Amino acid sequence: MATKKEEKQFEKERKAAIKARHKRMKEEGLEKYLTPEQIRYNRNKAIVGSVWPIFRFLILFGLCFVILYPLIYMISTAFRPNEQMNDPSVIWLPKSFTLDNIKQTWKVMKFEETILTTLRMNVIASILQVITCAITGYGFARFQFKFKGLLFAIVVMMIIVPPQIITIPLYMQFRFFFGSTSISLIDTGWAMYMPAMFANGLRAGLFIFIFRQFFRGLPKELEDAAYLDGCGPFKTFLVIMVPNARTAFLTVFLFSIVWYWNDFYVSSSFFNNTHTVSLMLKNLGAQLSVDLFNNQTPSARQLIVWLEAGCVLSITPLLVMYIFLQRYFIEGIERSGITGM
Amino acid sequence: MSEFEKDLLEQEDEAKEALEEAEDAVTEQAEDAVREAEDEAAEAAEEAAEELVEAAEEAEELSVIPEETVQELAEIPDDEPESSSVRSGKAAKGARISYERKKRLYGYGFIALWFVGTVYFFLYPLIVSLVYSFHKTTVGTSGMELSDRGFDNYIRAFRRDPNYTKALVDTLSNTALKTPLILVFSIFIAVILNQKFRGRTFARAVFFLPVIIATGPVIDIITGNMSTSGTSGTAEQFSTLFEANLVDELLNFLGIYNISERLTEIINTLTSDIFNLVWNSGIQILLFLSALQGIPFSAKEAAQMEGATGWEYFWKITIPYISPQILTCLVYTVVDSFVDPGNQVMEIVLSKASNWEHGYMAAMAWAYFAIIGIALAIIVAIVNKFVYYEVE
């Protein structure tokens with residue numbers, strides 16, 4: 001075996017040799033060696049090969065700009081004094097930077113309390129959800145039992161049915177938990193934890209699906225070896241499968257965190273006084289007009305700096321996480337192989 | 001050594017290398033095939049074993065009475081050794097069955113948690129909302145109070161409500177327009193992102209950014225359709241960024257005056273569409289990228305040997321290989337756009353929820369859901385005919 005360095009060296013030499021040969025062939029006249037079709041093919045390939053990277057760069061640059069534009073705009077707006085919003089001479093770079101918007105928005109959103117609540121609920125719910133979805137996915141991937149097809153159809157239905165349909169009955173379920181009028185889960189974290197604990201949290205169907213596909217892709221020999229050594233199925237799952245599924249766990253956990261963080265539909269239905277980041281951001285406009293404008297209704301134009309500051313505050317944690325763990329978002333999905341539907 | 005001889009030697013070397021590579025590829029493929037065949041065989045064996053076990057169980061059930069009679073008969077002292085051997089055989093068989101049964105029970109064990117949760121948090125509410133849709137609901141102190149309405153809610157939605165049908169048609173046609181656009185665009189981007197170039201990691205990271213941001217309320221502020229305001233959000237600003245002063249001037253310079261307004265309009269819609277397109281296709285790009293990486297290298301090599309152009313390669317190799325993924329993405333895109341709380345039908349449905357007309361809301365949602373289901377079934381049935389599944 002050649003080392004990587006040597007392989008690189010070989011590659012270099014090979015390329016040089018091919019180049020030299022091409023040069024020689026050109027000097028002697030290509031017709032001697034190649035058919036006209038081959039010559040045409042090579043020429044076209046060379047032309048495309050030199051023009052395409054430029055096009056590719058232009059396309060990607062333009063589209064990256066489309067994606068990054070709102071973020072750049074957000075940052076540019078959030079850190080400028082409000083007066084400079086209406087200054088026509090300021091487009092991207094404000095004349096002076098200020099942290100006032102951020103500070104005021106921080107206060108209006110009660111940000112320390114909000115972010116702690118959100119983090120606590122998201123992390124607990126996501127961990128529960130990942131564990132239960134993995135167990136369920138494994139059950140669907142490796143065991144044969146009656147009604148498996150029917151049960152899996154229910155999982156697919158969980159993906160397709162919009163949560164809005166079942167929100168009201170679900171509210172009743174939480175309000176009168178197991179038919180009792182005294183236990184109400186509304187406005188407590190349990191409204192999030194309970195479904196997550198039973199593999200029915202946000203987008204649980206999709207996660208079960210991902211886990212099923214992932215476990216099906218792992219070789220069966222792993223488990224057979226464990227069974228032969230006398231492990232029961234649960235122990236096999238814990239000791240053999242879980243360590244092998246690390247990437248899938250991480251990916252699902254990350255997506256789960258992101259979706260819980262961003263969710264405002266479910267949380268706005270079940271929480272009145274529990275503040276999560278996305279709820280606070282959703283209501284930021286109304287809250288601002290109470291706190292900063294003495295109950296007048298300012299136009300969104302006036303509010304924009306604070307709104308954008310709120311955006312900056314609420315996506316910064318996600319962005320930081322994304323920058324550090326970006327690899328796992330992308331690789332995890334690629335490897336977990338939703339490919340074989 | 002003459003030039004020609006050198007050439008020959010070089011070519012020989014190259015040929016050897018190519019051969020080696022080909023051999024490697026072949027062995028890899030063969031290994032893969034063997035592994036898959038093994039898997040399949042194992043599965044088949046398992047299934048067969050299960051069938052056997054089931055058959056054995058049935059047989060056992062059937063043979064319970066005769067065996068008992070046999071045992072009764074066997075209590076005659078003469079046949080004692082035989083009966084004991086029967087018993088021991090039966091015991092061994094029983095143990096095996098219980099192991100298989102155990103495994104099946106473990107299967108139920110693994111999904112039990114989910115099943116309980118689904119019945120309580122998904123199926124029951126689903127059925128309740130179906131019941132609501134046939135009733136008029138009022139909120140009482142200890143739950144919903146229902147009074148029977150029959151199909152009245154549904155009739156009201158389709159016949160009397162001026163907004164619902166219109167919103168439904170709009171949403172359906174909007175989805176029908178948007179879905180192919182998103183699919184084509186995300187295949188295109190995925191193919192680009194799958195090539196090797198400098199800064200690829202950065203480009204990928206940027207293109208998946210919408211996945212993180214676009215599901216939250218931040219996107220509402222960015223695109224400016226917050227319910228509280230008629231603000232011009234970024235999407236609009238983005239298109240005004242390109243508002244065609246430049247195009248205008250260019251056309252005026254060329255001496256063309258009349259069409260510029262029309263052109264401006266087109267450019268505006270196009271740019272804001274690009275914004276929505278890019279921001280809505282993060283997951284699809286991710287899925288296609290993973291599919292593209294699943295294309296075996298041998299296929300690419302073969303295509304190159306045959307002298308396929310990029311265009312031919314795309315249509316004859318790429319598209320067939322990722323076609324299962326196209327179906328997945330199609331379903332995902334359609335569902336995503338139907339379920340989006342921002343679309344017109346959802347807005348109407350949700351507004352009814354905040355008006356406490358839950359029965360009516362449930363009827364609208366169920367009608368909508370039924371239409372989605374039928375549409376999806378038709379789409380999947382049609383597209384599935386064109387999907388190429390690799391069978392080895």
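At what angle do H4(B) and helix H12 (residues 310–339) of chain B pack, and how far apart are their axes? The legends below take this up along with other close-ups. This is a predicted model, in which local features need pLDDT of at least 70, side-chain atom pairs count only at pLDDT 80 or more, and totals for chains, interfaces and linings use all residues. Residues are numbered from 1 along each chain as its sequence is written, while chains are lettered from A and ligands numbered from 1 in the order in which they are written.

**View 1. H4 and H12 of chain B pack against each other.** The angle between H4(B) and H12(B) is about 135 degrees, and their axes are 10 Å apart. (Axes are lines fitted to C-alpha atoms, for helices over the stretch in contact, and angles run from 0 to 180 degrees between N-to-C directions. Helices are DSSP runs of H or I with at least four residues, strands are runs of E with at least two, and both are numbered from the N terminus.) That makes H4(B) oblique to H12(B); angles under 35 degrees count as roughly parallel, over 145 as roughly antiparallel, 65 to 115 as roughly perpendicular and the rest as oblique. The crossing of H4(B) past H12(B) is right-handed, a term used if the near helix is turned clockwise from the far one by less than a right angle, with anticlockwise being left-handed. On the H4(B) side, look for contact residues including Thr175(B), Lys178(B) and Ile182(B); on the H12(B) side they include Thr318(B), Cys329(B) and Phe338(B). (Two residues are in contact if their C-beta atoms, placed from the backbone, lie within 7 Å.) Sorted by class, this contact has eight nonpolar, six polar and one charged residue. Here Ala, Val, Leu, Ile, Met, Phe, Trp, Tyr, Cys and Pro count as nonpolar, Asp, Glu, Lys and Arg as charged, and the others, Gly among them, as polar.

**View 2. H4 of chain B also packs with H10 of chain B.** Helix H4 (residues 164–194) and helix H10 (residues 282–292) of chain B meet at an angle of about 50 degrees, and their axes are 8 Å apart. H4(B) and H10(B) are therefore oblique to each other, and the crossing is right-handed. H4(B) brings residues such as Ile187(B), Ala190(B) and Leu193(B), among them, and H10(B) brings others including Ile285(B), Phe288(B) and Leu292(B). This contact has eleven nonpolar, three polar and no charged residues.

**View 3. Leu376(B) sits in helix H14 (residues 358–384) of chain B.** With 16 C-beta neighbours inside 10 Å, Leu376(B) counts as partly exposed. (A residue is buried if 20 or more other C-beta atoms lie within 10 Å of its own, exposed if 12 or fewer, and partly exposed in between; C-beta atoms are placed from the backbone.) Leaving aside neighbours within four places in sequence, Leu376(B) is in contact with Val331(B) and Val334(B). The C-alpha atoms of Leu376(B) and Val335(B) are 8.4 Å apart, although 41 residues separate the two along the chain.

**View 4. Thr117(A) lies in helix H4 (residues 111–142) of chain A.** Thr117(A) has 19 C-beta neighbours inside 10 Å and counts as partly exposed. Beyond neighbours within four places in sequence, the contacts of Thr117(A) are Thr274(A), His275(A) and Thr276(A). Val277(A) is 160 residues away from Thr117(A) along the chain, yet their C-alpha atoms are separated by 8.6 Å.

**View 5. Asp187(A) and Arg203(A) are two loop residues of chain A.** Most residues other than glycine have a negative phi. Asp187(A), however, has a positive phi near 75 degrees, and Arg203(A) has one of about 55 degrees. Asp187(A) is in the loop between helix H6 (163–175) and helix H7 (190–197), whereas Arg203(A) is in the loop between H7 and helix H8 (204–217). Asp187(A), with 13 C-beta neighbours inside 10 Å, counts as partly exposed; Arg203(A), with 21, counts as buried.

**View 6. Chains A and B touch through 75 residues of chain A and 78 residues of chain B.** On the chain A side, helix H2 (residues 36–78) gives the most, with 15 residues. That side has 54 nonpolar, 15 polar and six charged residues.
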